[in-house]
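Please examine the sequence and the structure shown here before turning to the notes below.

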Amino acid sequence: MIAPAKHVVLLGTGHTNAHVVKQWANDPIPGCELICISKFPTATYSGMLPGTLGQQFSDDEMRIDLRELADRAGAKLILADTCGLDLESGEGLFSDRESVSFSALSIGVGSMPAGWQEHAESPLMVPIKPMQTFLRRLEERLQGLDRPIRVAVVGGGVAGIEIACCLQEQFRKREQKQNTIEIHTSSDHVADGMTDRSIVRIENILTDRHIAVHHGQSVTEVGEAELVTEDGGRHSADCVIWATGAAAPPVLEKLGLQSDSRGFVATSNTLQSLSDPRIFAVGDSGTVIESPSPKAGVYAVRQCPILWHNLRASITGGAMKTFSPQSDFLKLLNTGDGKALLQYGWLTSHARWCWTLKTWIDKRFVREFQSNGNNERDVQAT
């Protein structure tokens, strides 16, 4: 009698889970079927989203067609919303289709910007995630405004800075020079986590670009024509792009797994859920409780070989590998003007060669998952 196939299920297709699909195409786990579950037919590479906004890349360049990716791996793709897990039976549950059984499950559904739900009813609101629909939602919000547009970006981290700079570049290319962009951050400065030298350079860039920054005040209300900060300040806006730090997406709460204080799946350093060793959580979706790291794409990329090894070990037996996040890594920030700001250790530089390097890294990474990306080079991405 032939034993029934085991099922490796990928919930979400972020950087780490996408790597599993790519590896599966060349070296599938024997006796296993790979099943990919996604809300969207494409995955969006976050490193190229701001550049696509700034019309530096075409939309297709930053997208991964999940149907093509799954077909190359001989995997099954299911487009659906997950509504829960049944750990006893080992099944993923859906509201509109039959359940899917799993022998191993990897959760890689990313994150959402913190606080967006509190203001979701405002017509001004355009959360940066889900990234798959961000550009369309932003275009719909700005479309038809025949006066100078006032855009507020909420969030002073790298994502908010890149979005502000690259949106300004789009406005320049469209000869919409009267439009204004401002950044709101609850921090005392932008780009938390970067060196003082880099922060000064970034603040000077924003000043030179006439992108105003409002420091030290959280946004408490987003209405129909303005946002309000905690000091009572009122700021007129036609569009509010919400690009704050990472918060757990609603689907994680539905899964019923042990979580950290912010709602992300709590894992061991093998990336396995503390609730069930058959389940892994990677990228923004999981938090290694022993050594938590920032929610940044570079950590998702560095988890790729660990997840691939451990998924195989969970099915075939063998020792698990552990993930140890690095303390520092290369940072490249797109300033939208054909330059990028580079930070590595003590070095900070803002130049065209930095943009060339960033573009090479980003395109090299995303092509690995597109239909024309057939080489199997090891990739280091930022």
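In this predicted model, Ala152 stands opposite Val240 in strand β18, and β18 covers residues 239-242. Local features need pLDDT of at least 70, side-chain atom pairs count only at pLDDT 80 or more, and totals for chains, interfaces and linings use all residues. Residues are numbered from 1 along each chain as its sequence is written, and side-chain values use heavy atoms, leaving out hydrogens and water.

**Strand β12 and its partners**
- Strands are DSSP runs of E with at least two residues, and helices are runs of H or I with at least four, both numbered from the N terminus.
- β12 and β18 pair in the parallel sense over four bridges; pairing requires at least two DSSP bridges.
- Five bridges join β12 to the parallel strand β13 (residues 180-184), where Glu182 stands opposite Ala152.
- Strand β12 (residues 150-154) is largely enclosed by the rest of the structure, because four of its five residues are buried (under 20% relative accessible area, 1.4 Å probe, protein chains only).

**Nonpolar cores**
- A nonpolar core is a set of buried Ala, Val, Leu, Ile, Met, Phe, Trp, Tyr and Cys residues joined through side-chain atoms within 4.5 Å.
- The largest has 81 residues, and those with the most contacts inside it include Val151, Ile202 and Ile241.
- Helix α5 (residues 158-173) supplies the largest share of this core, seven residues.
- Apart from this core lies another of 20 residues, among them Ile37 and Phe102.

Conventions:
Buried means under 20% relative accessible area, exposed over 50%, partly exposed in between (1.4 Å probe, protein chains only).
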